[in-house]
Every structure is written in structure tokens, then in C-alpha cells.
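Welcome, and thanks for taking a look at this one with us. Please open the sequence and the coordinates side by side, and we will walk through them together.

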Amino acid sequence: EGDWMWLNSGSRILLAAAMIVVATFVAFILYFDYQQRTSIQSALQSKLTESGSLATAGISNWLDGRRLLVESLANNIARDSSPEAVSEIASGEALVESFIYSYFGSAEGVMTMYPPDELPPDYDPRKRPWYGDAVAIGDSTLTEPYNDASTGGLIVTATTPVFDGSKLLGVVGGDIALKTIEQTLSTITLANTGYAALISDDGTVLFHPDQK
């Protein structure tokens with residue numbers, strides 16, 4: 001009977017020890033799995049942050065370059081705002097390569113653009129969003145997307161007011177097809193884990209792979 005009690009107690013001790021070993025092993029596996037998932041998530045987050053930062057910096061620099069071109073155009077027009085001078089300046093190679101159209105809408109309502117295009121008879125640049133935005137802000141800006149009166153396509157316009165001292169002469173604009181930005185964003189795959197989208201400060205979706 002004494003031997004039986006000793007064996008029974010020993011079995012219980014072995015069972016308890018085995019359970020401790022199993023529990024420790026399971027805890028180790030769970031901890032290792034947690035650490036691994038945390039490490040993967042951290043690495044993925046770092047990769048996404050890096051990709052997003054590079055993409056936004058690239059687009060920002062790309063747009064800044066076009067803003068500077070529009071400001072240069074405005075400075076030249078401030079010296080001579082005649083339609084002939086505007087057409088000659090706007091036909092410069094850098095402007096032609098960067099914009100669908102470059103143009104100047106005068107404070108009198110005269111529109112001069114390059115390449116030349118026929119506009120509706122009642123077209124008044126002062127009533128267009130690119131003109132109003134530049135006048136309201138009083139500085140260079142980028143419009144919200146809108147339908148171009150010439151092509152009917154969705155565009156954004158880099159625009160800036162032109163002054164002679166304190167007198168407003170008009171507004172300069174350069175049209176950028178939204179497809180140009182879309183092509184840049186569509187190449188971003190975020191390590192095959194996602195996609196890039198472009199959203200304005202007010203929440204307007206400017207680009208998303210799903211057109212709906």
C-alpha cells in the first residue's frame with residue numbers, strides 16, 4: 001500500500017511537471033509567434049511609410065516644378081501682357097512639354113492661350129475656377145479637378161495672379177491632365193501589398209485604382 005501511494009504521488013508529480021513543460025512550450029511558441037508577427041508588421045509599416053513618403057515627395061516636387069514654370073510665365077507677362085507677347089512666351093519648350101495648355105486670362109476678360117484653340121463664344125476666363133482661385137488666394141495655387149472647356153477631360157490647373165505693382169493684370173494658368181499624375185501613382189505597388197491613392201485636403205479623391 002505504501003509503494004502504491006508513493007507511485008501515485010510520483011505519477012502526480014510527473015504529470016504536474018509534464019503540464020508545466022507543455023505550458024512553458026506553448027507559451028514560448030505563442031510568444032515567438034507574437035514577436036514574429038510584430039516584427040513583420042513593423043517591417044511592413046516601415047516599408048509602407050517609406051514608399052508613401054517617397055511617392056508624395058516625388059509628386060510634390062513634380063508639381064512644384066510646374067508651379068515655378070507658371071510663376072516664371074507670370075513674371076514675363078507682367079512686363080508685357082499683350083496677346084502677341086503672351087503667345088510667344090507660352091510657346092516655350094518647357095511650358096509646351098509640361099502643360100496641355102498655357103494661358104493668360106486678363107482682367108478685361110481676354111483669353112490668350114498656347115497652343116491656340118477655339119473656345120466657346122461666351123467664354124470668360126474671369127468666371128473659370130482657376131482664375132477665381134488665384135485671385136481669392138492672391139498667390140500660386142493648384143485647383144481642384146474640373147472639366148476642361150477645350151478637351152472635356154478632367155484636369156488640374158497650376159495658376160498664379162499677375163500684378164503690375166498692386167494692380168491685377170490677370171491670371172496665368174497651366175493645365176495638367178490628371179492622367180499624368182495617375183500614371184505616376186499607378187506604378188506604386190507598395191511591395192505588392194496595396195496601392196496608392198491621392199486625396200485632397202478636403203477629402204476629394206483625385207486618384208484611386210478603382211474608378212468607381
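Does S102 count as buried or exposed? With a relative accessibility of 2%, S102 counts as buried, because the cut-off for that class is under 20%. Please keep in mind that this is a predicted model, so every value here is computed from predicted coordinates.

S102 is part of strand β1. Leaving aside residues up to four places away in sequence, S102 touches L73, A90, L95, T112, M113, Y114, G173 and G174. One of these, A90, comes back below as a buried residue of helix α2.

## Overall build

Let us step back to the whole chain. The protein contains five helices and eight strands, and from the N terminus on they follow the order α-α-α-β-β-α-β-β-β-β-α-β-β. Its radius of gyration is 32 Å, well over the 17 Å that the globule rule gives for 212 residues, so the protein is more spread out than a compact globule. The box filled by the C-alpha atoms, taken along the principal axes, is roughly 120 × 35 × 30 Å.

Of the 212 residues, 29% count as buried. The accessible surface comes to about 13500 Å², and carbon and sulfur atoms account for 57% of it. Among contacts with a separation of 6 or more, 48% are between residues 24 or more positions apart. As for charge, there are 12 positive and 26 negative side chains, and the centres of the two sets lie 4 Å apart.

Helix α1 spans residues 2-79, and L14 is found in it. L14 counts as exposed because its relative accessibility is 62%, where the cut-off is over 50%. In sequence, L14 and P209 are 195 residues apart, and their C-alpha atoms are 61 Å apart in space.

The loop between α1 and α2 holds D80. At 37% relative accessibility, D80 counts as partly exposed. From D80 to Q183 there are 103 residues in sequence and 36 Å in space, C-alpha to C-alpha.

## Helix α2: two sides

Which residues of helix α2 (residues 83-90) are buried? They are A85, V86 and A90. Seen down the axis of α2, these buried residues fall within an arc of 125 degrees, so they line one face of the helix. E84 and E88, on the other side of α2, are exposed.

Helix α4 covers residues 129-137, with W130, Y131 and A134 buried. Their arc around the axis is only 100 degrees, which puts them on the same side of α4. The cover over the buried residues of α4 includes strands β1 (102-106), β2 (111-114), β3 (141-142), β4 (146-147), β5 (154-164) and β6 (167-177). Strand β1 is also where S102 lies.

Two backbone details are worth a look in your viewer. Just after α4, G138 takes a positive phi of about 75 degrees. In the loop between β2 and α4 lies P115, and the peptide bond leading from Y114 to P115 is cis, with omega near -5 degrees. Y114 is also among the residues that S102 touches.

Technical notes. Residues are numbered from 1 along each chain as its sequence is written. This is a predicted model: local features need pLDDT of at least 70, side-chain atom pairs count only at pLDDT 80 or more; totals for chains, interfaces and linings use all residues. Side-chain values use heavy atoms; hydrogens and water are left out. Helices (H or I, at least four residues) and strands (E, at least two) are DSSP runs, numbered from the N terminus. Buried means under 20% relative accessible area, exposed over 50%, partly exposed in between (1.4 Å probe, protein chains only). The radius of gyration is taken over C-alpha atoms; the globule rule is 2.2 Å times the number of residues to the power 0.38. Contact means heavy atoms within 4.5 Å. Accessible areas come from the Shrake-Rupley method with a 1.4 Å probe; for residues, only the protein chains shown count as cover. Lys and Arg count as positive and Asp and Glu as negative; His and the chain ends are not counted. The place of a charge is taken as NZ of Lys, CZ of Arg, CG of Asp or CD of Glu. The arc is that of the directions from the helix axis to the C-beta atoms.
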